[in-house]
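Here are my notes on the model, point by point. Please read them with the structure open.

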Amino acid sequence: MKIRYGVLLAGTVVLAGCSWMPHFGKHKQEAAQQQTLMKSLSGEVDYHLAHDLPPDAYLVVTLDRHDAPARMIASDRIAPIGASPVSFVLSYEPGDLVSGTDFTVSASIKQGDRTLASNDTPIRVLGDSGNEGPVLVVVSELH
């Protein structure tokens, strides 16, 4: 009787292990495949301010559709902000880019909800502009 329960228990453990094995590593493969589909745009933000940055200041860099600025494709938030220039990387899915459209990179230095500095002119990238980076964005202090 004890042998029968032991064989039954061993069989159950083996079957449970077999049902688990085909899934082993599958999630890692899917995540790796998804990461390879992402593209990135890199660059630097150059700033020169009249005063030192507050310790809680942060830099926000965005990639937007030029024809629809409210349509953000990617963003990078950098804190604390190091010495100028500050490097950034914007990761995006190529499927989010509409053919025949330009995109813009904008940057701003913020403290809470307050904007301390930003670039005056968005930089056209990707799309019809042909600018695939690296990008230099110059921000100026707001008065």
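1. Helices (H or I, at least four residues) and strands (E, at least two) are DSSP runs, numbered from the N terminus. On that basis H51 falls in the loop between β1 and β2. H51 is partly exposed, at a relative accessible area of 42%; buried means under 20% relative accessible area, exposed over 50%, and partly exposed in between (1.4 Å probe, protein chains only). E141 is 90 residues from H51 along the chain, and their C-alpha atoms are separated by 9.6 Å.

2. This is a predicted model, in which local features need pLDDT of at least 70 and side-chain atom pairs count only at pLDDT 80 or more, while totals for chains, interfaces and linings use all residues. Residues are numbered from 1 along each chain as its sequence is written, and side-chain values use heavy atoms, with hydrogens and water left out.

3. The chain contains two helices and eight strands. Their order along the sequence is α-α-β-β-β-β-β-β-β-β.

4. Of the 143 residues in the chain, 29% count as buried. The chain exposes about 9,600 Å², of which carbon and sulfur atoms supply 57%; accessible areas come from the Shrake-Rupley method with a 1.4 Å probe, and for residues only the protein chains shown count as cover. Taking contact as heavy atoms within 4.5 Å, residues 24 or more positions apart account for 62% of the chain's contacts with a separation of 6 or more.

5. Which residues touch the most other members of the largest nonpolar core? They are L59, L63, F88, V105 and I109, in a core of 27 residues. A nonpolar core here is a set of buried Ala, Val, Leu, Ile, Met, Phe, Trp, Tyr and Cys residues joined through side-chain atoms within 4.5 Å. The elements that give two or more residues to this core are β1 (39-47), β2 (58-65), β3 (68-78), β4 (86-92), β5 (103-111), β6 (114-118) and β8 (135-141). In soluble globular proteins, nonpolar side chains tend to be buried together.

6. Apart from neighbours within four places in sequence, L59 is in contact with V45, D76, R77, I78, I81, V86, A107, S108 and I109.

7. Strand pairing requires that DSSP find at least two bridges between the two strands. β1 pairs with β4 in the antiparallel sense over seven bridges, and S40 stands opposite S91 in β4. With β8, β1 pairs in the parallel sense over five bridges; V138 in β8 is the bridge partner of D46.

8. L136 is also a residue of strand β8. L136 is 90 residues from D46 in sequence, yet the two are 7.2 Å apart in space, C-alpha to C-alpha. Not counting residues up to four places away in sequence, L136 touches E44, D46 and I123.

9. The bond from A79 to P80 is cis, with omega near -5°, and P80 is in the loop between β3 and β4. A cis peptide bond also joins S84 and P85, with omega about 0°; P85 is found in the loop between β3 and β4.

10. What sits over the ring of Y58? The charged end of R77 does, 3.7 Å from the ring centre. The criterion is NZ of Lys or CZ of Arg within 6 Å of the ring centre and within 35 degrees of the ring normal.
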